[in-house]
Amino acid sequence: MFDYSASDNGFRPHDLVFADAVALIGPTPAWALQAVAEGAPLVVRRAPRNARGVPVGVRGESRGERHGDRVAAHAIGRRHAPEAIAQARGWRSHARRRDVPAIAALDVAADVLDSARWPWGVTGAVGYELATGHPVTHARSDLDLLLRASEPVDRAQARALQTALAAAPARCDVQIETPVGGMALADWASTARQVLIKSDTGPFLCTDPWDATSPAEVSAPDECAGARG
Amino acid sequence: MQRLSLDYAAGAPAARRALAGVVGSGDLEVLLEPGTEGRSTVEINTSVDGVNDIWTAVVGRIFADATQPAVALEINDFGATPAVVRLRIAQAMESAAGRGEA
């Protein structure tokens, strides 16, 4: 049930997708309808996958404007995966890179993440801005990144990545995407025994972020969710 | 940035300090110290406006049992959902009780 490859029609959390406002299943607030009608992309979000459509979010002008919706997969046109945004290397010539440290930080982040053996991508406000040209970042934005690790990253390597990224001129917030869900690199690089996984069916604590069987077993309290250890 | 202070009746002070969570979007940092006998306090710093009622409800449910160890929590929130808040506080409480050791 946590295997994205079996459940996602190819759309994964953090993908930016484009669809007509009328394709939103709703109910959709007026500001979100207008934003999408004006060309704003939708961000695929983590939520249970079902026949009602791909779970997406709409980003408004203000920080508080975030709307969760769904859209039929067949209504989706263009898609920008986080990896494609990274491969386009758009930050090198981006007009705002002098004003936004999180954009310039991609120089350092790209060197660090290229040295890891997994595909990586740009998400969050910086990914949104690089993909759309719409200026949503600001001087104090973080750089949100994604590392798609289909097999285990050991914790020493996680610590080395975290340390190397600290040299960037903005804070780098890396999510490691495992077959089970998303986990913060900072969590995996810490000494905590349990780490928090965000899955399509909700967050849980776990000791092995690459083991898709342990979190689903509610009869195994030693492995999960606030249990003793 | 908003700041919210809550307090609850509790039992004996927790055994030790603990830390759970991380700085990062959709997550939070929970710093736990043993509280004073009979009273737990929770200080919340959040980057999200207009969510005081949700915090009060979510944290109130966690501390409803007045026999739990007394703790002083400081929470730095970066837009965590209530489910993430519950897990991270539970993780810190387990760790402070010596059951969720690093």
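In the predicted model, Gly24(B) lies in the loop that connects β2 (18–21) and β3 (28–34) of chain B; strands are DSSP runs of E with at least two residues, helices are runs of H or I with at least four residues, and both are numbered from the N terminus. Residues are numbered from 1 along each chain as its sequence is written, and chains are lettered from A in the order in which they are written. Because the model is predicted, local features need pLDDT of at least 70 and side-chain atom pairs count only at pLDDT 80 or more, whereas totals for chains, interfaces and linings use all residues.

Gly24(B) counts as buried because it has 22 C-beta neighbours inside 10 Å. A residue is buried if 20 or more other C-beta atoms, placed from the backbone, lie within 10 Å of its own. Apart from neighbours within four places in sequence, Gly24(B) is in contact with Phe78(B) and with Asp173(A), Ala184(A) and Ala186(A), contact being defined as C-beta atoms, placed from the backbone, within 7 Å.

Chain A contains 8 helices and 11 strands, and 45% of its 229 residues count as buried. Of the contacts in chain A between residues at least 6 apart in sequence, 59% join residues at least 24 apart.

The domain assignment divides chain A into domain 1 (4–79) and domain 2 (81–206), with bounds taken from an automatic or database assignment. The C-alpha centres of domain 1 and domain 2 of chain A are 21 Å apart. In chain A, 12 residues of domain 1 are in contact with 14 residues of domain 2.

Key
Buried ≥ 20, exposed ≤ 12 C-beta atoms within 10 Å, placed from the backbone. Contact = placed C-beta atoms within 7 Å.
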